[in-house]
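Student: Could you walk me through this one? I'd like to begin with a single residue and then look at the wider fold.

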Amino acid sequence: MDFLSLRIGHGYDVHKFDKKRKFILGGVNIEHYAGLLGHSDADVLVHAIIDSLLGAASLGDLGNFFPDTDDKLKNISSLVLLKKTTELLYENKFAIINIDSTIVLQRPRIKDLIFDMRTNISNTCKINMSQINIKATTEENLGFTGKEEGVCVHAVCLLNKIKT
C-alpha cells in the first residue's frame, strides 16, 4: 500500500433528545425515555461516520448528499444513507480501512448494544467487524450530554485511494 494513498477523515454530529422520537444508534433501537430529533431517524452515530467517510474522500459532508430539506429523506434509516455513502466511496475508488467512533451520552448505558451496532455498520459498509470500533463515554454530568439534553459522536476513519 502506497502511504500517499491513505486519507483520514473526522466526523462530528449532535442531536438533542425529543420525547416523541425513537432512540436509534448504529441502527439499533434503544429503550429510553426519548429519541433524537432530526429529519431522518437522527442516528447520530451513523451521521458522524458518514461525515468522516465523506471528509476523508474530500466529497463534502452529509448535508451535501442528504439535505434535511429533501422530503424523500424524512424519517429514513441512516443505514440507508450509509449504504449510499459507501457506494459513492467505491465509485470514487476508495476502500475503507477502518472506522473508530466515540459516543458521548450520560444515559442509557449502551455497552451491551455496541456489538449489534458494529454488526449493522459492518454489514452496511460490507467490511469486516474488525475494521469498526465504537466506544461510549459520559461527560460526568457536565455539559448538554451530561445533563441528558442530547448525544454527540466523534468518528474518524482511514480510507485508501485505490490505484487503477
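Student: Okay, is Asp-13 buried or exposed, and which side chain of opposite charge is nearest?

Tutor: Keeping in mind that this is a predicted model, Asp-13 is buried and yet has no salt bridge, since the nearest side chain of opposite charge belongs to Arg-21 and is 11 Å away.

Student: Then what does the side chain of Asp-13 make a polar contact with?

Tutor: Its partner is the side chain of His-47, and the distance of that polar contact is 3.1 Å. If we set aside the neighbours within four places in sequence, Asp-13 is in contact with Val-44, His-47 and Ala-48, and also with Val-151, Cys-152 and Val-153.

Student: Which strand is Asp-13 found in?

Tutor: Asp-13 belongs to strand S1, which covers residues 6-18, and S1 is part of an open sheet of five strands with mixed pairing, in the order S4-S1-S7-S5-S6.

Student: Which strands stand at the edges, and why is one side of each left without a neighbour?

Tutor: Those are S4 (35-36) and S6 (132-137), and because each has a single partner strand, one side of each has no neighbour in the sheet.

Student: New topic: how many bridges join S5 to S7?

Tutor: There are 10 bridges between S5 (residues 94-104) and S7 (residues 150-161), and the two strands run antiparallel; as one example, Ala-95 has Asn-160 in S7 as its bridge partner.

Student: And which strands does helix H1 lie across?

Tutor: Helix H1, made of residues 44-56, lies across S1, S4, S5, S6 and S7, and runs at about 155° to S1, while helix H4, residues 114-125, lies across S5 and S6 at about 145° to S6.

Note on methods: Residues are numbered from 1 along each chain as its sequence is written. This is a predicted model: local features need pLDDT of at least 70, side-chain atom pairs count only at pLDDT 80 or more; totals for chains, interfaces and linings use all residues. Side-chain values use heavy atoms; hydrogens and water are left out. Helices (H or I, at least four residues) and strands (E, at least two) are DSSP runs, numbered from the N terminus. Buried means under 20% relative accessible area, exposed over 50%, partly exposed in between (1.4 Å probe, protein chains only). Lys and Arg count as positive and Asp and Glu as negative; His and the chain ends are not counted. A salt bridge is a side-chain nitrogen of Lys or Arg within 4 Å of a carboxyl oxygen of Asp or Glu. A polar contact is a pair of N or O atoms within 3.5 Å; within protein, one must be able to donate a hydrogen and the other to accept it, and residues adjacent in sequence count only if both atoms are side-chain atoms. Contact means heavy atoms within 4.5 Å. Two strands pair if DSSP finds at least two bridges between them. Axes are lines fitted to C-alpha atoms, for helices over the stretch in contact, and angles run from 0 to 180 degrees between N-to-C directions.
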